[in-house]
Amino acid sequence: MKALKLNYRSFAVFALVAGIFLSPLLTASDAAAEVFEVEIKGFAFHPAKLSVKPGDVIRWVNKDIAPHTATSDDGSWDSGELSNGGVAEIEMTKAGVFSYLCIYHPAMKGEITVVAEEM
């Protein structure tokens, strides 16, 4: 059996050909999702407004003594009850502007804008 010898030139050609065929499979949506943290403290969401991309994740962390929620006004997502130290993560999957509040303390409000990337 003959041993296969790879030199720099053949490796470079292989990498170029592989890149040409694989590049359509790698799109912006394949980029790693970012995680944005929202602290709940002082009966408020910090930050109260965020702008993210589809696929990004919002992580709410309750640093208050009282329980809280992060519940979208349109009912599309809900963190559930978060006790002191509780954490909830929700992936934002569709573009739009999503207002939310704490169902226990309706004066606590926030807003997430999910902006679709242009092609």
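Strands here are DSSP runs of E, at least two residues long, numbered from the N terminus.

A word on the source. This is a predicted model, where local features need pLDDT of at least 70, side-chain atom pairs count only at pLDDT 80 or more, and totals for chains, interfaces and linings use all residues. Residues are numbered from 1 along each chain as its sequence is written, and side-chain values use heavy atoms, leaving out hydrogens and water.

Back to the strands. E4, residues 57-62, runs antiparallel to E6, and five bridges join them. Two strands pair if DSSP finds at least two bridges between them.

Now the whole sheet. It is open, with four strands in the order E2-E1-E4-E6 and mixed pairing. E2 (44-46) and E6 (87-91) stand at the edges. Each has a single partner strand, so one side of each lacks a neighbour in the sheet.

Next, Glu39. Where does Glu39 sit? In strand E1, residues 35-41. Is Glu39 buried or exposed? Buried, because its relative accessibility is 19%; the buried class is under 20% relative accessible area, exposed is over 50%, and partly exposed lies in between, with a 1.4 Å probe and protein chains only.

What does Glu39 touch, leaving aside neighbours within four places in sequence? Ala44, Phe45, His46, Val61 and Lys63. Contact means heavy atoms within 4.5 Å.
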